[in-house]
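Hi,

Have a look at it first, then read on.

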Amino acid sequence: MQYIIDSAHLSKIKKCVEFYPIDGVTTNPTIISKEKTDFLKLITDIKDVIGPDKMFHIQTTSSECNMIVEEAKRLREIIGENFYIKIPISADGLKATDICKKEGINVTMTAIFTQQQALIGAKAGADYVAPYINRLDSIVSDGVHVVEEIVNLFKIHDIKSKVLAASFKNIEQIHKTALVGGHAVTINPDLFENLVYHPLTLYAIDDFEKDWEGVYGNKKILDLIK
Ligand code: E4P
């Protein structure tokens with residue numbers, strides 16, 4: 001499963017890139033706006049931090065097909081390799097997806113809330129479709145179940161598009177998404193840290209250190225094998 005960071009916070013992205021096995025970064029207009037900074041500088045800084053091999057998904061701010069395509073083309077020129085234009089699903093968005101794919105631009109169809117939206121986005125050529133888990137859960141729906149059915153639909157119909165599940169608020173949602181075969185998850189950096197954290201892990205490490213120091217003091221392995 002691919003792990004992607006859902007953020008435009010440069011120092012948090014830097015930390016994730018340095019320490020965690022992540023596959024890329026996703027943003028949306030809300031996430032970008034939170035940084036209250038020059039857009040072009042921000043996206044080029046993020047690209048510099050993540051490098052050429054990780055994906056970078058940037059969402060269009062237009063709703064009209066030609067404008068979406070123009071934004072996608074210009075962003076692709078700026079970002080280069082592994083750029084994905086995120087397009088919210090709509091009639092214009094689907095047409096723009098088809099054109100972008102013909103132009104060789106990767107597409108993530110976003111703001112997906114139903115299985116049929118995902119199927120149609122995939123049929124239009126989207127590389128990824130992005131269902132919003134927590135926003136579904138918040139309206140007494142079941143985000144993970146929607147992912148499960150999309151994954152199954154893609155298998156049944158031999159569709160190559162991947163499910164990039166988004167909008168997570170807890171580890172349980174991420175874990176269940178992995179269990180039902182979600183291909184990718186995008187997670188904010190704070191929640192990502194919680195994926196790694198467990199208090200029992202810290203207790204275990206503390207015990208190892210105490211037991212070692214009881215015999216070897218402050219010497220480390222390298223001190224003992226010179
Ligand atoms: C990512 O593609 C989505 O835009 C994002 O995960 C939405 O998350 P939210 O529901 O926390 O705003």
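Let's start in the sheet: why is strand S4 (residues 83-88) largely enclosed by the rest of the structure? Five of the six residues of S4 are buried, so the rest of the structure largely encloses it. Buried here means under 20% relative accessible area, exposed means over 50%, and partly exposed is in between (1.4 Å probe, protein chains only). Helices (H or I, at least four residues) and strands (E, at least two) are DSSP runs, numbered from the N terminus.

Before the rest, some housekeeping. This is a predicted model, in which local features need pLDDT of at least 70 and side-chain atom pairs count only at pLDDT 80 or more, while totals for chains, interfaces and linings use all residues. Residues are numbered from 1 along each chain as its sequence is written, and side-chain values use heavy atoms, with hydrogens and water left out.

Overall, the protein chain has twelve helices and eight strands. Its C-alpha trace spans about 70 × 40 × 30 Å along the principal axes. Of its 226 residues, 43% count as buried. As for contacts (heavy atoms within 4.5 Å), residues 24 or more positions apart account for 56% of those with a separation of 6 or more.

Back to S4 and its neighbours. Strands count as paired if DSSP finds at least two bridges between them. S3 (55-59) runs parallel to S4, joined to it by four bridges, and Ile58 stands opposite Ile85 in S4. S4 also pairs with S5 in the parallel sense, over five bridges; there, Pro88 has Thr110 in S5 as its bridge partner. Both steps are right-handed β-α-β units: one is made by S3, H4 and S4, the other by S4, helix H5 (residues 91-102) and S5. Right-handed means that, with the strands pointing away from the viewer, the path from the first strand over the helix to the second runs clockwise.

Next, the pockets. On a 1 Å grid over the protein atoms alone, a pocket is an open set of points where a 1.4 Å probe fits, with protein on both sides within 12 Å along at least five of seven lines; lining residues have an atom within 4 Å of a point. Grid points are joined across faces, edges and corners, and a volume is the space filled by probe spheres set on the points.

The largest pocket holds about 500 Å³ of space. It has 29 lining residues, and Asp6, Asn28, Ile31, Lys34 and Asn188 lie nearest its centre. At least two lining residues each come from helix H2 (29-34), strand S5 (106-112), helix H7 (133-137), strand S8 (184-187) and helix H10 (189-196), with H2 giving the most, three residues. By type, the lining has nine nonpolar, twelve polar and eight charged residues.

H2, S3 and helix H4 (65-79) each supply at least two of the lining residues, and H2 has the largest share with three. Five of the lining residues are nonpolar, five polar and one charged.

Thr27 deserves a look of its own. It sits in the loop between strand S2 (24-26) and H2 and is buried, with a relative accessible area of 0%. Leaving out residues up to four places away in sequence, Thr27 touches Asp6, Ser7, Ala8, Ile32, Phe56, His57, Ile58, Gln59 and Lys86.

Most residues other than glycine have a negative phi. Lys36, in the loop between H2 and helix H3 (39-50), has a positive phi of about 45° without being a glycine, and is exposed at 75% relative accessible area. Val140 also has a positive phi, about 55°, and is not a glycine either; it lies in the loop between H7 and helix H8 (143-156) and is exposed at 81%.

Leu179 and Val144 are 35 residues apart in sequence, with 9.3 Å between their C-alpha atoms.

Cheers

Notes: Ala, Val, Leu, Ile, Met, Phe, Trp, Tyr, Cys and Pro count as nonpolar, Asp, Glu, Lys and Arg as charged, and the others, Gly among them, as polar.
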